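Hi,

Here is the structure I said I would pass on.

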Amino acid sequence: VISEQGLDHLHLKMSSALAKQGARVDAIYLCPHELDEQCACRKPAPGMLLKAANELSIDLGQSWMIGDSNIDIEAGRAAGCCTILIQEQRNAQMNADHCVQDLHMAVSTILAISSQKEDAPTVSPSL
């Protein structure tokens, strides 16, 4: 369990690390409910992602869910996102699209995949 102050510190540290890579955090969402409340926002339910998509006009099909547990990955998949599991050791079952060792590697992975998509030739369907 982490205190509210500890969580704020973690969010600030994460936002700073992302900013160093050229990324920006527009919002941070969290579920305030207890485990037994069975709300739509507690992961693995995708409620927080759906709320963010609605509030920030996000295309979840073009988005990434980065997490450090399979519950995070399940929420991302349920929302239609690509997923990255941050895991120091690769001994757990990998349900994510990608598995990396840290947040820096997650950002690098997203940037590399994004640049590959931009370089890819477009194909028009034939009728």
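Below is what turned up when I went through it, grouped by topic. Keep in mind that this is a predicted model.

**Salt bridges**

How many salt bridges does a search of the whole structure find? Three.

Take arginine 24 and aspartate 26 to begin with: they form a salt bridge, with the closest N and O atoms 2.7 Å apart. Both arginine 24 and aspartate 26 are exposed.

Lysine 43 has a relative accessibility of 32%, so it counts as partly exposed. Aspartate 72 has a relative accessible area of 6%, so it is buried.

Then there is arginine 77 with aspartate 97, where the closest N and O atoms are 3.4 Å apart. Again the pair links distant parts of the chain, 20 residues apart, with arginine 77 in helix H3 and aspartate 97 in the loop between strand E2 (82-86) and strand E3 (98-100). Arginine 77 counts as partly exposed because its relative accessibility is 42%, and aspartate 97 is partly exposed too, at 34%.

**Helix H3**

Which residues of H3 are buried? They are Asp72, Ile73, Ala75, Gly76 and Ala79. Looking down the axis of H3, these buried residues fall within an arc of 160°, so they line one face of the helix. As for what lies over the buried residues of H3, the cover includes H2, E1 and E2. After H3 comes glycine 80, with a positive phi near 90°.

For reference, most residues other than glycine have a negative phi, and most peptide bonds are trans. A few places here depart from that.

- Proline 44 is in the loop between H1 and H2.
- Glutamine 38 is not a glycine, yet its phi is positive, about 50°. You will find glutamine 38 in the loop between H1 and H2, and with a relative accessible area of 74% it is exposed.
- Serine 57 is not a glycine either, and its phi is positive at about 55°. Serine 57 is in the loop between H2 and E1, and it is exposed, with a relative accessible area of 69%.

**Two loop residues**

Serine 63 also lies in the loop between H2 and strand E1 (64-67). Is serine 63 buried or exposed? Its relative accessibility is 13%, so serine 63 counts as buried. A polar atom of the serine 63 side chain lies 2.7 Å from the backbone oxygen of aspartate 59. Leaving aside neighbours within four places in sequence, serine 63 is in contact with Ile58, Cys81 and Cys82.

Glutamine 101 is in the loop between E3 and helix H4 (103-119), and at 45% relative accessibility it counts as partly exposed. Setting aside neighbours within four places in sequence, glutamine 101 is in contact with Ile86, Gln87 and Glu88. Glutamine 101 and leucine 85 are 16 residues apart in sequence, and their C-alpha atoms are 8.3 Å apart in space.

**A surface patch**

Lastly, Met14, Val25 and Ile28 make a nonpolar surface patch of about 190 Å². Methionine 14 comes from helix H1 (residues 4-20), and at 31% relative accessibility it counts as partly exposed.

Cheers

Definitions and conventions:
Residues are numbered from 1 along each chain as its sequence is written. This is a predicted model: local features need pLDDT of at least 70, side-chain atom pairs count only at pLDDT 80 or more; totals for chains, interfaces and linings use all residues. Side-chain values use heavy atoms; hydrogens and water are left out. Patches are made of residues with over 30% relative accessible area and no salt bridge: like charges are joined within 9 Å, nonpolar side chains (Val, Leu, Ile, Met, Phe, Trp, Tyr) within 5 Å. Accessible areas come from the Shrake-Rupley method with a 1.4 Å probe; for residues, only the protein chains shown count as cover. A salt bridge is a side-chain nitrogen of Lys or Arg within 4 Å of a carboxyl oxygen of Asp or Glu. Helices (H or I, at least four residues) and strands (E, at least two) are DSSP runs, numbered from the N terminus. Buried means under 20% relative accessible area, exposed over 50%, partly exposed in between (1.4 Å probe, protein chains only). Contact means heavy atoms within 4.5 Å. A polar contact is a pair of N or O atoms within 3.5 Å; within protein, one must be able to donate a hydrogen and the other to accept it, and residues adjacent in sequence count only if both atoms are side-chain atoms. The arc is that of the directions from the helix axis to the C-beta atoms.
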